[in-house]
Amino acid sequence: MTLLLMAAGSGSRYGKLKQFDDLGPAEEFLMEFSIFDALKNNFNHIVVITKAANKSFLESHLSERLPSNVKLDVLVQEIEDIPEAISLDTKREKPWGTAHAVWTARNVIKGSFVIINADDYYGQNAFDGAAKFIKNNDTPDKFALVAYNLKNTLSKFGSVSRGVCEVNNHQLTSIIERTKISEKDAQIIDEDSGVVLDADTAVSMNFWICNASIFKYIETYFTKFLENTDNHEKSEIYLPFVTQEMMENGHITVEVIEAQSTWFGVTYYDDKKEAVRTLAELTEQGAYPTPLWN
């Protein structure tokens, strides 16, 4: 089983590269706790998508820590990496988005895999649920999403972007990306539309369980996206948009798995103090050794 971590973001709201901030009791990165949880559930292949400037550092940092039986691939999300059918002339500097980050791994992942953000903490039960789903799933067109309650994914320090899910009988029916959610006057509001959201609404934190069939579909989606020249400079392709289209076209169903665990992230720099405190508490409770790697 493979864990793919998306670590190519720039951390504009955080003010630095949050993927490599020392948050753990022994100065571990947040992604190291997710990797630890995955290995505990028999994952044996780690794929990290990052920027060119960080590739050699990450390869060295992680290879020194991971057990020898775990395969590691550190890949660079490159703007020039586009479908062969397309040629374009652009001065674009920003990566093509989360779906493109996943597509970067098309040549190294052959089976089932989990996708997560490198700068989020998902909790040990989330990986347990993912491992059980993969082991019990014998249908290639059945994907899954580990979902969290909206109220548990907010930041005290500013608005957040969340994929708001509609779920029917544990099946995802739609996912809407709302990019400016905040809590005001005891209500959770999408600031862009003014819509008041239910605190217990299921949201995606980009914890997807899928298989290699997604790569071909992303390529098709990306090709159509690039045929519109208006998209060449700043637009991105997002993973929820791709999975939504796959569902609408009958290519996949997506089972929603309740996380049954705590999520936290570091969207803003002020979120760091809470993250450090939580990781220290989990370590003190025996959930993790310290240092994490021996």
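This is a predicted model: local features need pLDDT of at least 70, side-chain atom pairs count only at pLDDT 80 or more; totals for chains, interfaces and linings use all residues.
**Entry 1**

Which residues lie closest to its centre? Of the 21 lining residues, I found Leu 154, Ser 155, Lys 156, Asp 271 and Glu 274 there. Next I looked up the elements that give two or more residues to this lining, and they are β7 (160–168), β13 (264–265) and α7 (272–284). The largest share, 4 residues, comes from α7.

**Entry 1: Gly 158**

I then went to the loop between β6 and β7, where Gly 158 lies. Is Gly 158 buried, partly exposed or exposed? Its relative accessible area is 23%. Buried would need under 20% and exposed over 50%, so I call Gly 158 partly exposed. I listed what Gly 158 touches, leaving out residues up to four places away in sequence, and got Ile 181 and Tyr 268. Gly 158 and Ile 181 are 23 residues apart along the chain, and I find 8.6 Å between their C-alpha atoms.

**Entry 2: nonpolar cores**

I turned to the largest nonpolar core, which has 57 residues. Leu 3, Phe 207 and Ile 209 have the most contacts inside this core. Helix α1 (residues 30–40) gives the largest share of the core, 7 residues. I also noted a second, separate core of 42 residues, with Leu 4, Val 102, Tyr 217 and Val 254 among them.

I followed up Ile 209 on its own. Setting aside residues up to four places away in sequence, Ile 209 touches Phe 113, Val 114, Ala 130, Phe 133, Ile 134, Phe 143, Ala 144, Val 146 and Ile 257.

**Entry 3: helix α4**

Ala 130, Phe 133 and Ile 134 from that contact list turned up again when I looked for the buried residues of α4. What covers the buried residues of α4? I find β1 (2–6), α1, β4 (113–117), β6 (142–149), β11 (202–210) and β12 (253–258) included in the cover.

Definitions and conventions
Residues are numbered from 1 along each chain as its sequence is written. Side-chain values use heavy atoms; hydrogens and water are left out. A nonpolar core is a set of buried Ala, Val, Leu, Ile, Met, Phe, Trp, Tyr and Cys residues joined through side-chain atoms within 4.5 Å. Buried means under 20% relative accessible area, exposed over 50%, partly exposed in between (1.4 Å probe, protein chains only). Contact means heavy atoms within 4.5 Å. On a 1 Å grid over the protein atoms alone, a cavity is a set of points where a 1.4 Å probe fits but cannot get out, and a pocket is an open set with protein on both sides within 12 Å along at least five of seven lines; lining residues have an atom within 4 Å of a point.
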